[in-house]
Amino acid sequence: MILPEYDLWGVTDKAGTFTIKNISKGNTKIVIQCLGMVTVSQSIVVDSSTSRNFYMEQNSLRLKEVEVTAKERQEGAVPVTTISRSAMDHIQATSLNDVLNLLPGAVPTNQSLAGVSNAVLRNYEDGKVNSTAAIKSVNAMNSMGTSIIMDNAPISNNANLQILNTATAGNNANFETSAGSGIDLRQISTDNIESIDVIKGIASVQYGDVTSGAVIIRSKAGKSPLQVRFKVNPNITQTSLTGGYKLGEKSGNLNISLDYAHSTDKQTVALETYDRYTTKFLYSNTLFDKLRTNTSLDIIYSKDNKKQDEDDIKNKVKKSATNQGFRFNTNGVYQFNKEWFKSIHYTFSTSYTDREGFYQTMVSNASNIISTAMSDGTVVTNRPGQSINDVDGKPITQWSEGDKNAYNIFLPYEYLMHYNIDGKEWNTFLSTRATFANSVGEIAKNRFFVGGDYRSEGNNGKGKTYDQSTPPVSNNTRAIRMRSFKDIPFIKQLGLFIEENLNLNINGHDLNFQAGLRYDKQKEIKGEISPRLNASFEIIKKKLFIRGGYGHVVKSLPLTYLYPETAYFDLQNYTNANNPAVAPEDYLHITTTRAFSARNKDLKLAKSKKAEIGIDLSLGNKSLHITAYQDKMNNGYGFGTAISRIEYTKYTNTGAGLAASTQNLFLAYNSPQNNIASETKGFDFDLDLGRFDAIRTSFILNGGYIKNTTYSSQEFYYNNNITNPSYIKNIGVYEAKAEKSQRDRFVTTLRLVHNIPEIGFVISLSATTTWINKDKNILGNDSIPVAYISLSDGKRYDFDPDKISDPKFSDIKRTVAPSRHIKESLPILWCFNMNLTKEIGQNINVSFFANNIFSYNPRIKSKRYGNYDQFNPPIFFGLELSAKIPW
């Protein structure tokens, strides 16, 4: 039993009675929860001796109305979307990603565990329409800023470093990885989840490290039957065991969950697979009638694996990504229930994840000369330790103490390459908050809290390793080096917050007001203050509310951006390998290693400014919720081009010795920047017409419109030979916003839910219509630079547009394909899905689903590129059998 307006709670005894003291007179809200039962939420009037009876119903298909869709509700002044256990069961969710497809505005997808999946709120991914690098970066930033909170503690991905080389490839690797984005949703099984709340707007200040929204997961805690599930569809086979056992009258409850899932995206070719094993133990108890506590241990193992195809004689590709670890969590609330001081909440969570990435392939056309040197300016040969002088007797070779054994290698034309990336992530989270509450007569209820949280996130893995004689590919002087993660400092972050929640009764109408401030400070990064405000007003008593909110939210820097990899270049000074008169044993190769720190010490915490307004209408069992919103971010995390101008020495053999000549070169590499800008506008709606008893059917229509504009918020460098230093004459500087990508999408879903309580049967039919799906490029000054950096002196000069045809500047002119001016717009698309669940007796359930039941997969020609793409997921179906065993 919870009184949210006072942050007070109580627990029933055997007879179902409970007492909560020191409650002010007047109206208040009470929420009654029990595992496996339908939550009761009512408004009651409290006087000096209030006594009320509440009745709870078992959450089953034999209820008159069943929840098998996402539901909109208000938590104070904040709009929340709730997804219940029965809704997850009905869609046969295999991971958290499947559950989030129930949100308004989502388009149907088939269940799959092949490939990393991230949470993207108020944005969308559609590679068939527009998948530019900028849009991919925005989607990665969106998922990074979506906080996945399980049992009051966030699940962090900030310490994930499973990437090949940030200096050349950004956040990419050749195996499955979620580094540089949000957590991989495949790793969260849903069978041990009781409910999920999704906040897409302005969340309370108690939630930090969040720019997109929050997904709040509540695990099963309390006595429940032992339940066995078996799910199968063309991609996935899954089985699970969950249950809650009461240890004794005052000894608490122990919940256990076991899960195994196997995925093969193509049944005919079982080369690529994904396996997941999860285990959860959760202990819950109430101590001294004042302390309510939950303590849990999660254990997970997962592996993406691609075996080598027997027919792949040429490339010999195989790869894998293994993740294993644990997460410990303890959280609770101690109730003081004094006149003002009501309670203290606490959470402590620590997790360890061992990640191992592996990739193998044949490398061809690789006749490069690479060095093993690690220090900037080291000059070595293929003869370790041997000094070489030029024709004038001046030393050519030079090395630091750490590179005295360094040498260079002339790579063969073709070789088998493989590398490993080993990460060992530690994430610790600690938070506490104190709640104070009281009433002023029957006019005002005041609740405020103060608190703070602390995070420590780091990686102690071996890092990137490989055989130095067969390294990952490096081209045009760009080089790669092994890197240990053990030397990278941990992220340290402190958050402090205070929030006021005020409820005023104005002539019988409720005004809910929430205002808070949050301060976030990450070590070595400037702190940020985030104000957040939400308010709602009751226009028509218990029927019509209007609400709005505005706030700032920030996201901390993950390790990939905070400590990027050093940029290495192996410059060839001399080689005689191309002289046929020289025997291989007499080959001499001289290389200079240049190393540049790619770290950007001017980075700031990414900030999003969010605003929304909405209405909530309730008429009996019918409701309408509409929310219009606007999100703006101008400094999201991305990688941009950094340049260094160097003096390069080249040697030629004059017969008398090696003679030196020098020239200037530009070297370009990736460096983290606050260069991702995203502006999103749109609206969500949810219309629930309730159940029509005569036909035993409920009608729900929801959907969303979204317009997203993405662009670079900073100037950027360009040269059409940017990866080949010997050809660069100048570096073009292009203005911010030179090119914008704009996408629009409007999607609605109509759901018909027909249930027959007497026989425990429910069937839902959904029709999803994509009314608008279009994108265009807004092109500004995208082909002529505003300035250039000269190779001769390294200085920046304003660029005269009249000189764009001068051959001297031909390499800094961007060529924009005419197709970029073409606007893409898809015709209206429909997709029809069906879900069915039947109870057999008291303890057995059978569920079946079919997606795209009419197999409508139109092939549509792209106006921009001329190719054809097939839309909508293919027809897909699955079956689940579950059985409950009382214990």
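Select D775 and R864: they form a salt bridge, with the closest N and O atoms 3.1 Å apart. (A salt bridge is a side-chain nitrogen of Lys or Arg within 4 Å of a carboxyl oxygen of Asp or Glu.) The pair links distant parts of the chain, 89 residues apart. D775 is in strand β38 (residues 761–779), and R864 is in the loop between β44 (859–861) and β45 (868–870). Strands (E, at least two residues) and helices (H or I, at least four) are DSSP runs, numbered from the N terminus. Both D775 and R864 are buried, meaning under 20% relative accessible area with a 1.4 Å probe, protein chains only; exposed is over 50%, and partly exposed lies in between.

This is a predicted model: local features need pLDDT of at least 70, side-chain atom pairs count only at pLDDT 80 or more, and totals for chains, interfaces and linings use all residues. Residues are numbered from 1 along each chain as its sequence is written, and side-chain values use heavy atoms, with hydrogens and water left out.

The structure holds 41 salt bridges. Pick D151 and K280 next: their side chains meet at 3.4 Å, N to O. D151 sits in the loop between β7 and β8, K280 in strand β14 (residues 272–287), 129 residues apart. D151 has a relative accessible area of 12%, so it is buried. K280 is buried too, at 3%.

Now go to D631 and K610, a salt bridge of 3.1 Å, N to O. D631 is in strand β32 and K610 in strand β31 (residues 606–619), 21 residues apart. Both are buried.

**Two sheets**

Select β35, β36, β39 and β40. They form an open sheet in that order, with antiparallel pairing. (Two strands pair if DSSP finds at least two bridges between them.) The edges are β35 (716–718) and β40 (796–798); each has a single partner strand, so one side of each is left without a neighbour in the sheet. Inside the sheet, β36 (residues 730–734) and β39 (residues 787–790) pair over four bridges. Find I731: its bridge partner in β39 is I789.

Move to the six-stranded open sheet, ordered β5-β6-β9-β10-β7-β8, with mixed pairing. β5 (71–75) and β8 (153–154) are its edge strands. Zoom in on β7 (residues 146–150) and β10 (residues 213–219): they run parallel, joined by five bridges. There, I148 has V215 as its bridge partner in β10.

**A helix and the cores**

Pick helix α3 (residues 133–144), which holds S143. S143 is buried, at 3% relative accessibility. Which residues does S143 touch, beyond those up to four places away in sequence? They are N118, A119, S181 and G182, where contact means heavy atoms within 4.5 Å.

Now select Y419, L557, L559 and Y637. Of the 35 residues in the largest nonpolar core, these touch the most other members. (A nonpolar core is a set of buried Ala, Val, Leu, Ile, Met, Phe, Trp, Tyr and Cys residues joined through side-chain atoms within 4.5 Å.) The largest share, four residues, comes from β21. A second, separate core of 24 residues includes M88, L100, L103 and A119.

**Last stop**

Finish at I488, in the loop between β24 (478–479) and β25 (491–506). I488 counts as buried, at 8% relative accessibility. Not counting residues up to four places away in sequence, I488 touches L161, R483, L559 and Y563.
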